[in-house]
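Student: I have a model open in my viewer and would like to learn how to read it. Could you walk me through it?

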Number of protein chains: 2
Amino acid sequence: MLFLIKKMYGEIILSKLVTSLLRKCGVPASDAVIVADVLIAAELRGIPSHGLLRLYDYIEMLRKGRIKPDANPKLIHESPSTVTLDGNNGLGPVVAHYAMKLAIQKAETAGTGWVAVQNSNHFGIAGYYAMQALAHNMIGICMTNANPLVAPTFSSAGLMGTNPLAVAIPAASELPVVADFATAAIARGKVDLLHKNGLPIDAGFLQDTQGNSSTDPGILTRGGSILPLGGSRKFGSHKGYCMAAAIDIFSAILSGANFGPFVPPSVSWLPLKDNLPGKGTGHFFGAMRIDAFRPADDFLESMDLWIRTFKNAPPAAGQERVLIPGDPEREAEQRHRKTGIPIQDKVKEQIRSLCNDLEVPYSLDSGTG
Amino acid sequence: MLFLIKKMYGEIILSKLVTSLLRKCGVPASDAVIVADVLIAAELRGIPSHGLLRLYDYIEMLRKGRIKPDANPKLIHESPSTVTLDGNNGLGPVVAHYAMKLAIQKAETAGTGWVAVQNSNHFGIAGYYAMQALAHNMIGICMTNANPLVAPTFSSAGLMGTNPLAVAIPAASELPVVADFATAAIARGKVDLLHKNGLPIDAGFLQDTQGNSSTDPGILTRGGSILPLGGSRKFGSHKGYCMAAAIDIFSAILSGANFGPFVPPSVSWLPLKDNLPGKGTGHFFGAMRIDAFRPADDFLESMDLWIRTFKNAPPAAGQERVLIPGDPEREAEQRHRKTGIPIQDKVKEQIRSLCNDLEVPYSLDSGTG
């Protein structure tokens, strides 16, 4: 582990480094800054699986021509409250950031704004884009499909992505509610970590190629699949399946992107498939002006009351307190801003190798706290 | 069990009976027909917990003056794509049916329509209203909060309702995708049935007043609570909590209804609380015109492909086939239209007693198949 600089330096050094690497691949400066901000936000918020770990594949896919470095997203359909956007195979974070801006613009005039995106790529953490709405006194919504890995209830095949959903809701003096979660029973990253450490995984998360429950985290590398949120039918996996299905349809069928098993891989070492039914990866964004429903101050005060009610809920035996959606990520961010961002050795080596290849000075070690 | 008439008669006899009972309580004929349709749809679709079982409480609450029989919902706020509706304490199905009509109207002009509702009551199955959008080539969305029974992750207190979400999505030649599910780990009705039969319940669904896991289905009658979808933190209950929270906020904070622990009871034997922070129960509805995003035919054909892909997914070991969201309810409906609707003795007795009280001829026995 490398503990990056304490205080505010770490973020700046990281941002400059990521931006320099992306610019060397032909990404315009303003777009490179967005990608760096999204990846570093994931690190700060304690979701390293969607942070700098992704930079290597983003850059490999740029260098292989699988992602366009200077793509301009193009509006292909609209109504007063909707837009459909062709991401033109650009970097996911750039396309998503722009799509959410459009949703916010539509909401300014129509009360709500909804943007379906085709032909995009892996975009990092969904919560980042949902939170773009907060400064506008809007509720932000963001979802995406993802490469297939999760099996529908009663199926042995991983046909769906972990299809995350994020919702960000502003409050008055309390901190906003930010829910950001995958609709699978467990994150791939956690499974891989157990596998790497030779540890078994509890039943209820994974299955083998026949659809039998498996406690071997290595099963995913041998055709196994992750179960939907709920795990088994008995514990409600059909609800996780329903959510993942709705997110897939909103992201891909409204936009004309690829759905379910056809979503392109988000890693550079997996080949692209031919004859896909749609274009790239799909996302869906929403923005709702709170004053399109109620005077903004009334809404914000009610949200404060909501948050305090749940924060002050009696804890269960053995628990210290009850959390509000967004608390764990906020607390991770506070911690990381004090102690620095921990970076895994593997990621550090990836970045060093990218710096070598692209002739960018490697500046991470100088940041060790 | 009473098996109601085979063929189409059953539905007509039931509808006439329910409508007559409601009219005796001052409900206008056109509204009574809607309530009957919603309750019978729940029976047909295999969700009797939200069917005729609810009629007794609906009528008791009308007779006690807790629900207004002839309320007219009133628009209190709007933007091009949004409406906030005061249900004026009317019957939930009447308010919800009207709210969804408004969402559809807004979508006609704005591309999408979103309606937040305050001051409403228990509305039956969420899927009914989401499906109103299908005939308009729109995606329908419906959610509601409900009386508190479900504990947030890490809390011992049942502060949230089972807060269901329904999404209905049209297709071309395939049947529509209709997801309709509660965000709790298990339905109250299933717990009560085990309790009645003296059977234990598996761990992972319920907890006692201290927040300790419980296998006693009677715990709910002694201050216990249901866990969110996922069950425990390890198996993702924080995701179920996030969903229930978002549904509560959309339903109550956008509209000005009561949230979380303040949602009024949906049964007549529980007293109303004083000093509530909002008005009645809250709902939230959405309608999205598919051609606001893409030419309608393209969307519908893609949906057919989506549905066939998932229907034809390889089944897991021991499973016959993979289902599409909406299949179980559709199959229940087909079965019930052939063999009749099974009505529990308890419900039959409730209806007989209502018929006595309200001087309506009791016609169910004549329908026995």
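**Reading the fold, strand by strand**

Tutor: Let's begin with one strand: Thr82(A), Thr84(A) and Asp86(A) point one way from β3(A), Val83(A) and Leu85(A) point the other way, and all are buried. A residue is buried if 20 or more other C-beta atoms lie within 10 Å of its own, exposed if 12 or fewer, and partly exposed in between, with C-beta atoms placed from the backbone. Strands (E, at least two residues) and helices (H or I, at least four) are DSSP runs numbered from the N terminus. This is a predicted model, where local features need pLDDT of at least 70, side-chain atom pairs count only at pLDDT 80 or more, and totals for chains, interfaces and linings use all residues. Residues are numbered from 1 along each chain as its sequence is written, while chains are lettered from A and ligands numbered from 1 in the order in which they are written.

Student: How many residues of β3(A) are buried?

Tutor: Five of its five, so to speak: β3(A) is mostly covered.

Student: How do I read strand pairing, and in which sense do β2(A) and β3(A) run?

Tutor: Two strands pair if DSSP finds at least two bridges between them. β2(A) and β3(A) run antiparallel and are joined by five bridges. Lys74(A) has Asp86(A) in β3(A) as its bridge partner, and a hairpin of two residues links β2(A) to β3(A). With β4(A), β3(A) pairs in the parallel sense, over five bridges; there Thr84(A) stands opposite Ala116(A) of β4(A).

Student: What is the strand order in the open sheet of seven strands?

Tutor: The order in chain A is β2-β3-β4-β11-β5-β6-β7, with mixed pairing. β2 (74-79) and β7 (177-181) of chain A are the edge strands, each pairing on one side only. From one strand to the next, the twist averages 10 degrees.

Student: Which helix lies across β5, β6 and β11 of chain A?

Tutor: Helix α7 (residues 237-253) of chain A lies across β5 (138-144), β6 and β11 (281-289), and runs at about 95 degrees to β11(A). For such angles, axes are lines fitted to C-alpha atoms, for helices over the stretch in contact, and angles run from 0 to 180 degrees between N-to-C directions. Two residues are in contact if their C-beta atoms, placed from the backbone, lie within 7 Å.

Student: Let's zoom out. How many helices and strands does chain A have?

Tutor: Chain A has 10 helices and 12 strands. Its radius of gyration is 21 Å, close to the 21 Å that the globule rule gives for 369 residues, so chain A is as compact as a globular protein of that length. The radius is taken over C-alpha atoms, and the rule is 2.2 Å times the number of residues to the power 0.38. The C-alpha trace of chain A spans about 55 × 50 × 50 Å along its principal axes, and 59% of the 369 residues count as buried. Among contacts in chain A between residues at least 6 apart in sequence, 63% join residues at least 24 apart.

Student: Into which domains is chain A divided?

Tutor: Domain bounds come from an automatic or database domain assignment. Here they give domain 1 (2-66 + 326-367) and domain 2 (74-185 + 227-292) of chain A. Their centres, taken over C-alpha atoms, are 23 Å apart. The contact between them takes 21 residues from domain 1 and 16 residues from domain 2 of chain A. On the domain 1 side, α2 (29-44), α3 (55-63) and α9 (327-339) of chain A each supply at least two residues, and α2(A) has the largest share, seven residues.

Student: Is Met61(A) buried or exposed?

Tutor: Met61(A) counts as buried because it has 23 C-beta neighbours inside 10 Å. Met61(A) is found in helix α3 of chain A. Leaving aside neighbours within four places in sequence, Met61(A) is in contact with Arg66(A), Ile67(A) and Ser268(A).

Student: And how many residues does each chain give to the contact between chains A and B?

Tutor: Chain A gives 68 residues and chain B gives 67 residues. On the chain A side, α8(A) gives the most, with eight residues. By class, that side has 41 nonpolar, 23 polar and four charged residues. Here Ala, Val, Leu, Ile, Met, Phe, Trp, Tyr, Cys and Pro count as nonpolar, Asp, Glu, Lys and Arg as charged, and the others, Gly among them, as polar.
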